[in-house]
Amino acid sequence: MGVILGLARAKQRVIELEAQLAKVTFPLPPESLVTINAAEVFNLLLPYGINISGTTEDYEYYLMSKEEANRFVAWYHENAPIKPKDYTGDDLDCGDFGWIMRAYALVWSKGKYLWGYTESESNDPDYLFPNHGFDFLILGDKSVWFADALRVAAPDDEIGEAFPVKCYMAKC
């Protein structure tokens, strides 16, 4: 009986969250027609130390421009359902922030554009930080960038150019 009650509560929570998301007014979606296939994704991410866990979810992705990505990140930081002040270090940690930002990016881009998630620590001697959950993307010029809801791996309200990391997990 407890499992059934738990499932009913989970279904109700999903309904509530979907209703909240339906009220969100997203910025205009990206318009780029540049595409990339899964093999190219792997090859572009590996020099930064990002190793996709398993396979990519799609065979082909569209790639947005830097302007489109920055427009979304600025919008997200203003409209995010959770703010950096909500960080708890355990229950609502960096991984949760990264997954939520990625989810919003996927809804915004209708799932067509590459917006990944990684748990990595910096390997850049000029900018070290311990294991952290954040997002990555590949732009139309095939450059790799980071986006971070907590603004550790990327700056305020914009994406930051990728740098070497020690990757523990990555998904796109």
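A polar contact is a pair of N or O atoms within 3.5 Å; within protein, one atom must be able to donate a hydrogen and the other to accept it, and residues adjacent in sequence count only if both atoms are side-chain atoms. The structure is a predicted model, in which local features need pLDDT of at least 70 and side-chain atom pairs count only at pLDDT 80 or more, whereas totals for chains, interfaces and linings use all residues. Residues are numbered from 1 along each chain as its sequence is written, and side-chain values use heavy atoms, with hydrogens and water left out.

The protein contains four helices and seven strands, where helices (H or I, at least four residues) and strands (E, at least two) are DSSP runs numbered from the N terminus. Their order from the N terminus is α-β-α-β-α-α-β-β-β-β-β. Of the 172 residues, 40% are buried; buried means under 20% relative accessible area, exposed over 50%, and partly exposed in between (1.4 Å probe, protein chains only). Among contacts (heavy atoms within 4.5 Å) with a separation of 6 or more, 63% join residues 24 or more positions apart.

Helix 2 spans residues 38-45, and its buried residues are Ala38, Val41 and Leu45. These residues lie on the same side of helix 2, because they cover an arc of only 55° around the axis, the arc being that of the directions from the helix axis to the C-beta atoms. Strand 1 (35-37), strand 2 (60-62), strand 4 (132-138) and strand 5 are included in what covers them. The N-terminal end of helix 2 is capped by Asn37, a side-chain oxygen of which lies 3.1 Å from the backbone nitrogen of Ala39.

A nonpolar core is a set of buried Ala, Val, Leu, Ile, Met, Phe, Trp, Tyr and Cys residues joined through side-chain atoms within 4.5 Å. The largest such core has 23 residues, of which Met64, Phe72, Tyr76, Trp115, Leu137 and Ile159 touch the most other members. Two or more residues each come from helix 3 (66-79), helix 4 (94-108) and strand 5 (144-147), and helix 4 gives the most, with six residues. A second, separate core of 22 residues includes Ile36, Leu45, Leu114 and Phe163. When residues up to four places away in sequence are not counted, the residues touched by Ile159 include Lys66, Val73, Leu137 and Trp145.

Helix 4 has 15 residues and reaches 21 Å from its first C-alpha to its last, close to the expected 21 Å; the expected span is 1.5 Å times one less than the number of residues. Its buried residues include Cys94, Phe97, Met101, Tyr104 and Trp108. Just after helix 4, Lys110 takes a positive phi of about 60°.

Rings of Phe, Tyr and Trp (its six-membered ring) pair if their centres lie within 6.5 Å; planes under 30 degrees apart count as stacked, over 60 as edge-to-face and the rest as tilted. The count comes to 17 aromatic pairs. The pair of Tyr127 and Phe129 is edge-to-face, because the ring centres are 5.6 Å apart and the planes stand at 70°. Tyr127 is partly exposed, with a relative accessible area of 35%, while Phe129 counts as buried at 9%. One aromatic cluster is formed by Phe26, Phe72, Trp75, Tyr76, Tyr104, Trp108 and Trp115.

Ser122, in strand 3 (residues 116-122), counts as buried at 4% relative accessibility. Its side chain reaches the backbone nitrogen of Asp124 at 3.1 Å and the backbone oxygen of Tyr127 at 2.4 Å.
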